[in-house]
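Here is a short walk through one structure. Keep the sequence and the 3D view open side by side as you read.

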Amino acid sequence: MTQTIYVSRGANGKVNGIFSSDQIGMNLDPLSEDHPDVVAFRAPSPVSSVSARQFRLQLRRSGLLAQVKTWVAQQDGETQDAFEYSGTFVKDSPMMTAGFAAMGFSPQQIDDFFAAAAEL
């Protein structure tokens with residue numbers, strides 16, 4: 001049996017808070033714990049981009065910086081410029097997709113890498 005919980009919603013209609021009981025003076029919606037809006041709120045959203053600093057520090061901490069620099073040096077000029085001068089690294093960009101594929105990363109490993117980088 002699922003428990004009823006109470007949620008607050010932002011202006012966009014998305015859940016932005018969860019309560020175990022109704023709160024006086026707040027306009028809360030009662031939902032079941034397994035309601036899709038509750039599940040989506042509780043699930044951490046994957047990190048889709050990080051700063052260049054975060055990305056490079058995570059490469060260094062993972063022992064991958066030299067390997068990635070070698071790969072980048074073998075790519076076209078645009079990829080080399082993107083690696084060198086981008087302020088943000090976007091997980092689903094063509095450069096990232098190609099680089100992570102060349103390194104043999106699984107989708108979960110890519111998510112984990114970006115999540116770790118976001119913490120730096």
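Leaving aside its neighbours within four places in sequence, Lys91 is in contact with Pro46, Val47, Ser48, Met96, Thr97, Ile110, Asp111 and Phe114. Contact means heavy atoms within 4.5 Å. Lys91 lies in the loop between strand S5 (88–90) and helix H5 (94–103). Helices (H or I, at least four residues) and strands (E, at least two) are DSSP runs, numbered from the N terminus.

This is a predicted model: local features need pLDDT of at least 70, side-chain atom pairs count only at pLDDT 80 or more, and totals for chains, interfaces and linings use all residues. Residues are numbered from 1 along each chain as its sequence is written, and side-chain values use heavy atoms, with hydrogens and water left out.

Is Lys91 buried or exposed? Lys91 counts as buried, because its relative accessibility is 10%. Buried means under 20% relative accessible area, exposed over 50%, and partly exposed in between (1.4 Å probe, protein chains only). The side chain of Lys91 also makes a polar contact of 2.6 Å with the side chain of Asp111. A polar contact is a pair of N or O atoms within 3.5 Å; within protein, one must be able to donate a hydrogen and the other to accept it, and residues adjacent in sequence count only if both atoms are side-chain atoms.

Now turn to helix H3. Leu65, Val68, Trp71 and Val72 of H3 are buried. Seen down the axis of H3, these buried residues fall within an arc of 125 degrees, so they line one face of the helix. The arc is that of the directions from the helix axis to the C-beta atoms. The buried residues pack against helix H2 (52–61), H4 and H5. On the other side of H3, Ala66 and Ala73 are exposed. Ala73 has a relative accessible area of 55%.

How does H3 meet H4? In H3, Val68, Lys69, Trp71, Val72 and Ala73 touch Thr79, Gln80 and Phe83 in H4. The residues of this contact divide into five nonpolar, two polar and one charged. Here Ala, Val, Leu, Ile, Met, Phe, Trp, Tyr, Cys and Pro count as nonpolar, Asp, Glu, Lys and Arg as charged, and the others, Gly among them, as polar.

Last comes confidence. The mean pLDDT of the chain (the predictor's confidence in each residue, from 0 to 100) is 92.
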